[in-house]
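Student: Could you help me read a new structure? I would like to take it one feature at a time.

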Amino acid sequence: MSKIEEIRVGLNSCGIAAGGNEVYNALKEETKKRKLSIRLKSVGCIGMCYSEPLVDVIQDGKAVTYGMVKPKLVADIIEAHLGKREKKETVEKFIVKGDDIRTKEDSFFDKQVKIVLRNCGIIDPDDIDEYISRDGYKAIEKVIGELTQEKVIEMIQESGLRGRGGAGFPTGIKWDLARASKDGKKFIVCNGDEGDPGAFMDRSTLEGDPHSVIEGMLIGAFAIGACEGYIYVRAEYPLAVKRLRNAIKKSKKYGFLGKNILGTKFSFDINIIEGAGAFVCGEETALMASIEGKRGMPRTRPPYPAVSGLWGYPTNINNVETWANIPFIILHGPSSFNQYGKDRSKGTKVFSLAGKIVRGGLVEVPMGITLREVIFDVGGGILGDKKFKAAQLGGPSGGCIPESLIDTPVDYESITKTGAIMGSGGMVVMDEETCMVDVARFFLSFTQDESCGKCTFCRVGSKRMLEILTRITEGKGKEGDIETLEKLSQEIKSGSLCGLGQTAPNPVLTTIRYFRDEYEEHIKNKKCPAHKCRSLITYSIDSDKCTGCGRCKIVCPVGAVTGEPKKMHTIDSEKCSRCGFCRDACNFDAIKVE
Amino acid sequence: MPEIGFCNKFMEMSLFKAREIIKKYQGKEGVLITILQEIQDVYGFLPKDTLEIVAQERSIPPATLFGIVTFYSQFKLSPCGEHIIKVCHGTACHVTGAERITEAIVGMLNIKEGETTSDSKFTLEKVACLGCCSLAPCIMIDDKVYGKLTADKAKRVIKRIAHDAEKG
């Protein structure tokens, strides 16, 4: 029997939360006990967050991936690979992917193209040699050895890469502006302040392959002539910060960062700044204010950061995903990148799929693929046989795309036409049980909370909109509310300085546009069709189904359920807080919501 | 013996650590947020006395510094409990029932969002997004994420932490 060469355990935040560390320790124990010389390593996220913890076993150069692995299963997996036939049968059903095996999970990968995530889930992010073995730092060698600043920028322009943070500004043009600025000192910034609720692409990239971001920044620094860089990461991502710090230390040791890189005159250093929890800092001018140690409030542009950025010096800001694309483009040429995509949207886009979807996780798809393909082919469709209702793209700045537009291709222009935005890549799937008015209220409460307060329309307007939306969800909506919301939305859009305010009404506008009847149902008939808004629903018990088991009575936090054992129970509507705990607890589907 | 609260611990440490942190970054730019974060790491919050030293040493008017501190949601001006429970209210968690997780914890610990239990064990917070959306609904206790929760599971996790703390 051939030897097991390597075992990988996915230990990103999601893998760890799912119990990855316990699996890793069990593997360590087991290989030690059996005196096996197997390379055990921790890797980043391969994207299948829905079946974490994941374990890859590499044998004869071929990989087999097991999903939902429990520490108990570890010994069986090893024995199966050592040739025990009966164990093979035990572990077979845990296989989610294999180089030589077709599984039903393959459709998760079939339509994906990995450029940004090329190393995630394969290399140990803490081991620089692994990154180097997969052509890491070759792009910067090529840049320093063979290319000029102009040539690098030309390649990026030719690739058609646009900023992946949301706005989609062409990266090459941005770099050229910064390069043209005549100043001795210039800065490079990586925006890792992934604040959109429902987005985790940047966290996964930083945790799984930090060196690709560092190398991208190095190339950018060379191209514009910068000598210092900052990576601004959310403090909520402690693991990403830890792995980045380690990666910077290692690349300094290897001479890729610091003074006289690769023996040339080019010097570049990177600092890490942990964000302190302000969504608006994702906006570039606010982010720079925050690095400078001020309140993170946006300012008017122009001057653009390329002319006057950090401390007034020319600065080039790109987000994590944009930076991670750079080494690939330089090394393999612009055409290797722009062969994917359509029209003005080239390359791939990373999405974090979440919400009511079967395969929630991290996916990278070529631009131009339709939303249907992403949600149903890659994502495996809607959880629990429910009906698809909408996909929310772009977080609080984006909008909800309804079922009628599910064949919209994923490219900047087509998505914008729907009223949503491409955004940074958060895609939250909603089913028939999601109330769209509640979703609009949710996003507005977020932006209202995060508004920095500088512009009146954003500060006060979002508050008034939230009040109206809250009223509607409480059954106190009035005739004319929808029109007021639309009017306020337009005013906030045109009266705000930065992206936060300009896009804050988008979730409201798109839900009104596509789900107006749902708003009207709330306002006119005081009904919530999705049975979500608490003031508009009542819980009751179905006498035919209730067995009198009493579970609902036990879990009810307000004592609203009464009834004798083995006799039908009832809910006191006056006392009921509509938390729904009873519905979750009932084994007989006897709790009705109307 | 009564539990030693954060305030008492803070008195013991006095301001030595804060001064040390400020000294470490002397002469450097773009480090104010980092200094405040490190001070908060030591004391669990930003005691008024430490802020006065920061203002003085970094030559920032106290009012400006206060403006900065209150701008960012991470900074706290009053002590927190030993364990901080952050309930994620991101989009994915919202549609999968974050509100009910909060309700369950509120009912269990008898505190509201933003409050600390009377025994200083737990502080309950609401956060925008933990970025673990595929595990929704999730919470973070200290630096550890717990995912795919139900109201019951969330209560069990907290019970276990309270129990472990008592033992250890």
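Tutor: We will look at the interface, then at one serine, then at chain B.

Tutor: This is a predicted model, where local features need pLDDT of at least 70, side-chain atom pairs count only at pLDDT 80 or more, and totals for chains, interfaces and linings use all residues. Residues are numbered from 1 along each chain as its sequence is written, chains are lettered from A and ligands numbered from 1 in the order in which they are written, and side-chain values use heavy atoms, with hydrogens and water left out.

Student: What area is buried between chain A and chain B?

Tutor: The size of an interface is often given as the accessible area lost when the parts come together. Here the area buried between chain A and chain B (the loss for a 1.4 Å probe, summed over both) is about 3600 Å², and carbon and sulfur atoms give 58% of it. Chain A brings 56 residues to the contact and chain B brings 39 residues, where contact means heavy atoms within 4.5 Å.

Student: How many salt bridges are there between chain A and chain B?

Tutor: A salt bridge pairs a side-chain nitrogen of Lys or Arg with a carboxyl oxygen of Asp or Glu within 4 Å. Between chain A and chain B the count is 3 salt bridges. In one salt bridge, Arg100(B) meets Asp584(A) at 2.1 Å, N to O. Elements that give two or more residues to the side of chain A that touches chain B include helix H24 (581-585) and helix H18 (436-450) of chain A; helices (H or I, at least four residues) and strands (E, at least two) are DSSP runs, numbered from the N terminus. H18(A) gives the most to this side, with 5 residues.

Student: Is Ser159(A) buried or exposed?

Tutor: Buried means under 20% relative accessible area, exposed over 50%, and partly exposed in between (1.4 Å probe, protein chains only). Ser159(A) counts as buried because its relative accessibility is 0%. Ser159(A) lies in helix H8 (residues 149-159) of chain A. Its side chain reaches the backbone oxygen of Ile156(A) at 2.6 Å and the backbone nitrogen of Leu161(A) at 3.2 Å. Leaving aside residues up to four places away in sequence, Ser159(A) touches residues including Ile329(A), Pro334(A) and Phe337(A).

Student: What does the secondary structure of chain B come to?

Tutor: Chain B has 8 helices and 4 strands, running α-α-α-α-α-β-α-α-β-β-β-α from the N terminus. Its C-alpha atoms fill a box of roughly 50 × 45 × 25 Å along the principal axes. Of the 168 residues in chain B, 49% are buried.

Terms used. Buried area is the accessible area (1.4 Å probe) that two parts lose on being put together, summed over both. A polar contact is a pair of N or O atoms within 3.5 Å; within protein, one must be able to donate a hydrogen and the other to accept it, and residues adjacent in sequence count only if both atoms are side-chain atoms.
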